[in-house]
Amino acid sequence: MSKPKFKNPVVNWIDYRLPIFTFMNHELNEYPTPKNLNYFWNFGSLAGITLVIMIVTGIVLSMNYTAHIDYAFDSVERIMRDVNHGWLLRYIHMNGASFFFIVVYIHIFRGLYYGSYKAPREILWILGVLILLLMMATAFMGYVLPWGQMSFWGATVITNLFSAIPFIGESIVTWLWGGFSVDNPTLNRFFSLHFVLPFVIVGVVILHLVALHRFGSNNPIGIDVKGKQDTVPFHPYYTIKDLFGLSVFATIFAAAVFFFPNFMGHPDNYIPANPMVTPAHIVPEWYFLPFYAILRAIPDKLGGVLFMFGAIMVLFVLPWLDKSSVRSSQFRPLYKLFFWFLVIDCIALGYLGAMPAEGIYVVLSRLATAYYFFHFLIILPLLPKIESTRPLPVSISTPIITASSNASTVMAMREKK
Amino acid sequence: MTKKNIPEDKNKRDFLQVSTYALGAVGAASFVWPLINQMNPAADTLALASTEVDLEQLEEGQAITVTWRGKPVFIRHRTKEEIASAKDQLLDGLRDPQTDEERVQNEKYIVLVGVCTHLGCVPLGQKSGDVKGEYGGWFCPCHGSHYDHSGRIRKGPAPTNLEIPQYSFLSDTLIKIG
Amino acid sequence: MRFSKLVIYFFILLNFFLGKIALSAGKVIEYPDKNWSFSNIFGTFDKASAQRGFQVYKEVCAGCHGMRLISYRNLAALGYNQDELKAIASQFEITDGPNDDGEFFTRPGRPSDRFASPYPNKKAAIAANGGAYPPDLSLIIKARPNGANYLHALLSGYVEPPKNMKVPEGMYYNKFYSGNLIAMPQPLYEDGIEYLDGTKASPDQMATDVTTFLAWASEPELEERKQLGITVVLFLIVFSILSYFSMRQIWAPIKNKN
């Protein structure tokens, strides 16, 4: 690059003093990105965009919301009925939570499939798990705000989890509530935290991106970028691809918001909270169901809570559980098989979390829970010892999976031309 | 890609890509509108934008204050003397010259937004014991603006007469404000 | 790769439907599907039916059930004009106050008023109904799974109890109510009311009409939402197609090289 970096002299003047344009050019424009990323790599940017949508709609909703047990339900209904476009903003926010989790779960499983958590991207992965935890806390507290029956009883059940902590559990729950049950002080603090946590998430997302840009994206083959021939500049190649991904995502999201806005919700939450009557079936939002299944699978209160949190904690140490030096499942036939077992196991847990805790469902929940931990704690550490991985290609530019040297030479010759 | 078809190709590319980005901008802009519009008065607020007041009980010399759009509205059933004094006032020397006829629909009743035009305080003069100021109408205690029986500014810092809300008589004694 | 993609799509879809499976799991009673005019994606409310439904609500349900989230002005959406709204509102006594003497008083309703409540508060409602709270109907269709079909079925579900079943005092048998014993007596009878528009007031007609009315009350934004939705989704489909071809074009040099 020659001295005047930018054509516009004003931009140059500013950039000399505050190199923000250099930074953006470097990280968003030139930023070399592997050229073989598939559509699963869209979900990172989609998650970021969904976060922005949630924050923006959340801020405008908060302008019309009243965090008081006597007014919260009615203020939400006022948003739905009287505030200009209020129904649209609220339905976007409400369904946005579900779509955020759909996107993030796909993003996580993509990381699992392609080994994106492996060296040197361990911190990138850990920050991602931290974002997931923060998202869960935020989503849970947001669900309390409409102060319907599910809000109230969800808050009651989840806060009571902390009572499982030995000795100080009860005090912690009282402290969380600010009283002797879920009540107005609880609603107030949940609103405050629900407002502020998304900005904490933004902070961690920025760190996540800094860590990402340190070594760049992983890719479907999972081998390191060898040189310029393996990458393309982020703009316009991945900006347009992300835009296309966004447009498809937005179409599905809009269809849900406009035509099935309550599909992922629960009818009981349109009944105002009543501390005297628990609904017949209390079920968390779908994105918590697998964890809920783990909680209920353990016949001990403290144990259930520990295993539930353990299900996430195990993700923090995942980079050290999986010792295989090969990243992508494409070259790990056994891991690939177990990956799909894990996917099925998680879906099964989600299903079981929605079922009543009785009979065969309890047995199945226990098996599925056991398998979840078996996968991470036993299978992953042992796998490299017995797995014979397939040969890796020389570079991304020669992605012939058979890795026949003939083919790669042909490719190399073609490129010379 | 041969050199010959580059210009044509480039045109096609520009058209497709420019229309994609343009459409994207339109989409983003239309998403912004609900975010702005939600701050405008909501339907329930607008529904309270007009108030009906029955003046049948309001006797001569009495005044009532009603709430309209979150602000006090003064309605005074004026005495003959008050009407006369309001009407006789010459326009010369008034800061905001208006005749009493311009300010009332039925001379018995004066209807005013009870907000001082200086800095928004509520003037005194509605209750019988209130200080009514040097001109017998209303007096703003904040910075000493004096209003007459027609709500016109006569003395003090206020720049204009007390505002007349939009109202209409639905019958002799029933008015609709707003 | 293709296979794994398929599995992922399956995973997305399945997760989507999990919640619904969960809901339907505990349910054994099936309600007849009435094919409501408002249930499909182009759906709108049948205004005449909703107006009749309002009459049913007013003359039958309102004795016990409030609709505290609805104002008389909202009825404009059912096709009433301003004068009609004022006339409707003024039929009701609204408690207002305190006045300048510090007292509460009643006055005729205005369009901006919420629907008059049959009871001063929830405790009074429970006390007057032998311990059973008649739920507020403002959101009833959204607050019950499969709400519209459920309500219609419930209103039509009063039949003779099975011979061996003992129905306690103050309870009524309803074949669509969970547990089959409901505290609400059968509300709709043949010609129980006289429709203003001359429609024959059969119980099924009344159940249909009041369900339409309550569906509107639950989701007054439904028509606007669906119309806007069609525009937005069509726009986004066009945008997706355009951005797809832009993407193809931009990537063409890279793809050709491979």
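Predicted model: local features only at pLDDT ≥ 70, side-chain atom pairs only at ≥ 80, totals over all residues.
1. Extent of the A–C interface. Chain A brings 58 residues to its contact with chain C, and chain C brings 55 residues. About 5300 Å² is buried between chain A and chain C, with carbon and sulfur atoms giving 75% of that area. On the chain A side, the residues that lose the most area to chain C are A:Arg81, A:Phe259 and A:Phe263, which together make up 14% of what that side buries.

2. Polar features between A and C. Between chain A and chain C the count is 2 salt bridges. A salt bridge joins the side chains of A:Asp74 and C:Arg68, at 2.8 Å from N to O. Residue pairs in polar contact between chain A and chain C number 11, counting pairs with both residues at pLDDT 80 or more.

3. Where the chain A side comes from. Four helices of chain A, namely H4 (72-81), H5 (86-113), H10 (234-259) and H14 (333-354), each supply at least two residues of the side that touches chain C. H10(A) gives the largest share of that side, 16 residues. By class, the side of chain A that touches chain C holds 42 nonpolar, 9 polar and 7 charged residues.

4. Extent of the B–C interface. Here 16 residues of chain B are in contact with 12 residues of chain C. The area buried between chain B and chain C is about 1200 Å², and 67% of it lies on carbon and sulfur atoms. Of the area that chain B buries against chain C, 41% is supplied by B:Leu16, B:Thr20 and B:Leu23, more than by any other three residues.

5. Polar features between B and C. The count between chain B and chain C is 1 salt bridge. The side chains of B:Glu52 and C:Lys86 meet in a salt bridge, with an N to O distance of 3.8 Å. There are also 2 residue pairs in polar contact across the interface of chain B and chain C, both residues being at pLDDT 80 or more.

6. Where the chain B side comes from. Helices H1 (6-37) and H2 (43-47) of chain B each give at least two residues to the side that touches chain C. The largest share, 11 residues, is from H1(B). The side of chain B that touches chain C divides into 7 nonpolar, 5 polar and 4 charged residues.

7. Sheet E2-E3-E4 of chain B. This is an open sheet of 3 strands in the order E2-E3-E4, with antiparallel pairing. Its edge strands, E2 (63-68) and E4 (109-113), each pair on one side only. From one strand to the next the twist averages 20°. Strand E3 (residues 71-77) is joined to E4(B) by 5 bridges, the two running antiparallel. B:Ile75 stands opposite B:Val111, which belongs to E4(B).

8. Sheet E5-E6-E7 of chain B. Another 3 strands of chain B form an open antiparallel sheet in the order E5-E6-E7. The edge strands of this sheet are E5 (138-140) and E7 (153-155), each pairing on one side only. Neighbouring strands are turned against each other by 30° on average, direction ignored. Strand E6 (residues 145-147) pairs with E7(B) over 2 bridges in the antiparallel sense. B:His146 stands opposite B:Lys155 in E7(B).

How values were computed: Residues numbered from 1 in each chain as written. Chains lettered and ligands numbered in written order. Heavy atoms only, no water. Contact = heavy atoms within 4.5 Å. Buried area = accessible area lost by both parts, 1.4 Å probe. Salt bridge = Lys/Arg side-chain N within 4 Å of Asp/Glu carboxyl O. Polar contact = N/O pair within 3.5 Å; in protein donor to acceptor, adjacent residues only side chain to side chain. Nonpolar A, V, L, I, M, F, W, Y, C, P; charged D, E, K, R; others polar. Pairing = 2+ DSSP bridges. Axes fitted to C-alpha atoms, helices over the stretch in contact; angles between N-to-C directions.
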